[in-house]
Amino acid sequence: MTSTPKQQETPGQSPLAPAWLEVPADLNALHEPLWAGGVARNEDGELTIEGLSVSELQRQYGTPLFVLSETDFRARARAFSDAFNDAFADICGGVDVYYAGKSFLCTSVVRWVEEEGLRLDTASGGELAVAARAGIPGADVALHGNNKSDGEIHRALDMQLGRIVVDSLDELERVAAIAANRGDTARVMLRLTPGVHAHTHEFIATAHEDQKFGLSMAGDSTEKAGLSAAEEAVAAATGHASIELLGLHCHIGSQIFEPDGFALAAEKLLDFLAAMQAKYSIVLPELDLGGGYGIAYTPVDTPRPPAEIAQAMAAVVRSKCAALGISAPRISIEPGRAIVGSTTFTLYEVGTLKTVRVDSAAPEGHNAAEDVTYPRRYVSVDGGMSDNPRPVLYDADYSAILASRSSEAGPQLSRVVGKHCESGDIVVRDVYLPEDVAAGDLLAVPGTGAYCWALSSNYNYLARPGVVAVRDGSARLIVRGETEEDLLNRDMGV
């Protein structure tokens, strides 16, 4: 005889939710590390940023909408600059902080970066074009990329970039030849893979051997027996009159909380730097230790403050240089997500809702043979994977809140999904939202400043959202949202 599944209706922790997701004591509360400074609820329970209500932002700019705090961006940029300069002052006179533009870039951001005393890291000719339009001096710009085109190398030399980060032996020879033919000198850093496996998603770990980036420090190169690719690159660079070899670079990955990987990478690169200086009688004056510092996407994430990161890295560089008997090189770092990620939330309007019942193993105290089903609610919003593909790309977790009002309703395990024709179109996989969320409500998803707009697409011919910057209680568009006319302009109709 088949039994009827028992339906669980009691509010509280659902076994369908991941273990880390707790039922909030107050669904209206804001977990501070997830949000930019200046985000709060007003007396009506509506989310505000520097006093501007989300309903007013929706009326002016529509949804979906990226809402960025310029005030918070500038504060986070200064925090990194101040913390690292203080920590490294006695070691190498301070640190050069390069904002990793790939996380989010537009001309306004470039100007904020320059005004706050940071430099800019780019990864393509398009990003160089944004930098040029913003007017930042080329000397304060770096160019990355594992497959730079000749055109991008020419543009880097035209702009007199402060550094070109070379990713392979093949690329080193191309940069040297192009610079020589122009009668220029290319200022080069060599990106090495130190063999450090960062504790992060496989697709954003970038310093282990089996991936596309960098010159291997391990084993023999394919060209010269006895030399690693990294050492062969040092030897080759010193032989080119058109190359000024500034130093070494590494980047171990992204969204990293633990400091061990950064420390190990610094030690390995300093060992290598000292060996190369001794073997080739050269001075490599700079060492870039990359970025990848994590931010809070959910209440369980525990990012480290810049001062703590800086002091830990400074201690390693200080002790290692002393042990090697070398002068410390000038250190640089490349935070991107850690500056822009938490400055921004995405505002959505709720559309359709539905609740499904999902079978779950019988919880403790129940008969193991008893079927139990639990409700999961699907909350559809007017955006989705076209404005945030990170959940489907990296299994990224996010949080969300009811933003247009407060609610005294109980918690309901929910999945926030988009409007695309994909079952994987998930914005927030698991979150407790009030049971009375309804069509027309506004939801806010924090932590969307990095790699959301930058990775956005026109899938299903959705127009990409605009970006609004808020400062001193006023908002302005810094990136206009697309229109249907924008989408059709490139269709040649042939």
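About 100 Å³ of space lies in the largest cavity of this protein. Let me start there. Keep in mind that this is a predicted model.

How do we find such spaces? Rolling a probe the size of a water molecule over the atoms shows where empty space is left. Here, the count comes to two cavities of 30 Å³ or more.

Who lines the largest cavity? The lining is made of Ile256, Phe257, Pro259, Phe262, Tyr293, Gly294, Pro303, Arg304, Glu308, Ile309, Ala312 and Met313. Helix H9, residues 306–324, gives the largest share, four residues. By class, nine lining residues are nonpolar, one is polar and two are charged.

Now the second largest cavity. Its volume is about 40 Å³. Around it you find Phe66, Leu68, Phe104, Thr344, Thr448, Gly449, Trp453 and Val467. Five of these lining residues are nonpolar, three are polar, and none is charged.

Next, an open space. The second largest pocket has a volume of about 460 Å³. It has 26 lining residues, and the closest to the pocket centre are Glu22, Pro24, His31, Pro299 and Ser399. Which elements give two or more residues to this lining? They are strand E17, residues 401–402, and strand E19, residues 426–434. E19 provides the largest share, five residues. The class count for this pocket is 21 nonpolar, two polar and three charged residues.

On to the strands. Strands of a sheet pair through backbone hydrogen bonds, either parallel or antiparallel. This model lets us look at both kinds.

Start with strand E21, residues 466–471. Is this strand enclosed or open? Five of the six residues of E21 are buried, so the strand is largely enclosed by the rest of the structure.

What pairs with E21? Strand E5, residues 65–69, runs parallel to E21, and five bridges join the two. One example: Ser69 has Val470 in E21 as its bridge partner.

E21 also pairs with strand E22, residues 474–479. This time the sense is antiparallel, again over five bridges. Look at Arg471, which stands opposite Ser474 in E22. E21 and E22 form a hairpin, with two residues between the strands. In the turn, Asp472 has a positive phi of about 55°.

Stay with this part of the chain for a moment. Ser108 sits in helix H3, residues 107–115. Is Ser108 buried or exposed? The cut-off for buried is under 20% relative accessible area. Ser108 has 15% relative accessibility, so it counts as buried. What does Ser108 touch? Leaving out residues up to four places away in sequence, Ser108 touches Arg476 and Ile478. Find those two numbers in E22, which covers residues 474–479.

Take the E2 pairing in detail. E2 meets strand E3, residues 47–49, in the antiparallel sense over three bridges. Ala40 stands opposite Thr48 in E3.

Between E2 and E3 there is a loop, and Asp44 is in it. Is Asp44 buried or exposed? Asp44 is exposed, with a relative accessible area of 58%. Here is a pair to find on the screen. Asp44 and Ser406 are 362 residues apart in sequence. In space, C-alpha to C-alpha, they are 7.4 Å apart.

Last point: confidence. The chain averages a pLDDT of 92, and 91% of the residues score at least 70. Where does the score stay under 50? One stretch is residues 1–5, with two contacts beyond four places in sequence. Another is residues 200–208, where the model has 34 such contacts. Where pLDDT is low, the predicted coordinates should not be read in detail.

Note on methods
Residues are numbered from 1 along each chain as its sequence is written. This is a predicted model: local features need pLDDT of at least 70, side-chain atom pairs count only at pLDDT 80 or more; totals for chains, interfaces and linings use all residues. Side-chain values use heavy atoms; hydrogens and water are left out. On a 1 Å grid over the protein atoms alone, a cavity is a set of points where a 1.4 Å probe fits but cannot get out, and a pocket is an open set with protein on both sides within 12 Å along at least five of seven lines; lining residues have an atom within 4 Å of a point. Grid points are joined across faces, edges and corners, and a volume is the space filled by probe spheres set on the points. Ala, Val, Leu, Ile, Met, Phe, Trp, Tyr, Cys and Pro count as nonpolar, Asp, Glu, Lys and Arg as charged, and the others, Gly among them, as polar. Two strands pair if DSSP finds at least two bridges between them. pLDDT is the predictor's confidence in each residue, from 0 to 100. Contact means heavy atoms within 4.5 Å. Buried means under 20% relative accessible area, exposed over 50%, partly exposed in between (1.4 Å probe, protein chains only).
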